[in-house]
Amino acid sequence: MPKGYWVSVYRTISDPEKLAAYNKLAGPAVKAAGGRTFARGGRVVAHDAGIAERTVLIEFDSFEQAVAARESAAYQEALVVLSDGVERDFRIVEGID
């Protein structure tokens, strides 16, 4: 079964306090849903139309698990706290089996 991945690229962070509050809630929500964080805010080299901004990569055992984690009540609570504190490109991607 192919794994699922969350890929987030933060285009702008307009409210670091909202991002910090989101991280406090999102981390445990992701972990409870079976997510494993592989990259979060480290060094980035961007090419082509990419931007060298905060990037997050989280792996789940399946694509369906990744989708369910995004829809979970705990993660939805984290999104409410984040609200308009950032502009990001968030994707759920199916891996190759």
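Is Ser83 buried, partly exposed or exposed? Ser83 is partly exposed, because its relative accessibility is 43%. (Buried means under 20% relative accessible area, exposed over 50%, and partly exposed in between, with a 1.4 Å probe and protein chains only.)

**Before you click**

This is a predicted model: local features need pLDDT of at least 70, side-chain atom pairs count only at pLDDT 80 or more, and totals for chains, interfaces and linings use all residues. Residues are numbered from 1 along each chain as its sequence is written, and side-chain values use heavy atoms, with hydrogens and water left out.

**Stop 1: two positive phi angles**

Stay on Ser83. Its phi is near 35 degrees, a positive value in a residue other than glycine. Ser83 sits in the loop between helix H3 (73–82) and strand E4 (86–94). (Helices, H or I, are DSSP runs of at least four residues, strands, E, of at least two, numbered from the N terminus.)

Now select Asp48. Asp48 is not a glycine, yet has a positive phi of about 55 degrees. Look for Asp48 in the loop between strand E2 (36–40) and strand E3 (55–60). Asp48 counts as exposed because its relative accessibility is 83%.

**Stop 2: the nonpolar core**

Select Trp6, Tyr22, Phe60 and Tyr75. These are the residues with the most contacts inside the largest nonpolar core, which has 18 residues. (A nonpolar core is a set of buried Ala, Val, Leu, Ile, Met, Phe, Trp, Tyr and Cys residues joined through side-chain atoms within 4.5 Å.) Color by element next. Strand E1 (4–13), helix H1 (16–32), E3, helix H2 (63–71) and H3 each supply at least two residues of this core. H1 gives the most, with five residues.

Keep Phe60 and show what surrounds it. Leaving aside neighbours within four places in sequence, Phe60 is in contact with Lys3, Gly4, Trp6, Val30, Ala33, Gly34, Gly35, Arg36, Gln65, Ala66 and Ala69. (Contact means heavy atoms within 4.5 Å.)

**Stop 3: Asp89**

Go to strand E4 and pick Asp89. Asp89 counts as buried because its relative accessibility is 18%. Which side chains make polar contacts with the side chain of Asp89? One is Arg11, at 3.3 Å. Another is Arg91, at 3.0 Å. (A polar contact is a pair of N or O atoms within 3.5 Å; within protein, one must be able to donate a hydrogen and the other to accept it, and residues adjacent in sequence count only if both atoms are side-chain atoms.) Not counting residues up to four places away in sequence, Asp89 touches Val7, Ser8, Val9 and Arg11.

**Stop 4: the largest pocket**

Rolling a probe the size of a water molecule over the atoms shows where empty space is left. Select Asn23, Ala26, Arg40, Val56 and Ile58. Of the 16 residues that line the largest pocket, these lie nearest its centre. (On a 1 Å grid over the protein atoms alone, a pocket is an open set of points where a 1.4 Å probe fits, with protein on both sides within 12 Å along at least five of seven lines; lining residues have an atom within 4 Å of a point.)

How big is the volume of the largest pocket? It is about 220 Å³. (Grid points are joined across faces, edges and corners, and a volume is the space filled by probe spheres set on the points.) E1, H1, E2, E3 and E4 each supply at least two lining residues. H1 gives the most to this lining, with five residues.

**Stop 5: distances to draw**

Val67 lies in helix H2. Draw a line from Val67 to Val93: they are 26 residues apart along the chain and separated by 9.3 Å.

Next, Ile96, in the segment after E4. Ile96 is exposed, because its relative accessible area is 85%. Ile96 and Gly4 are 92 residues apart in sequence and 9.1 Å apart in space.

Finish at Lys31, in helix H1. Lys31 counts as exposed, because its relative accessibility is 67%. Lys31 and Ala52 are 21 residues apart in sequence and 26 Å apart in space.
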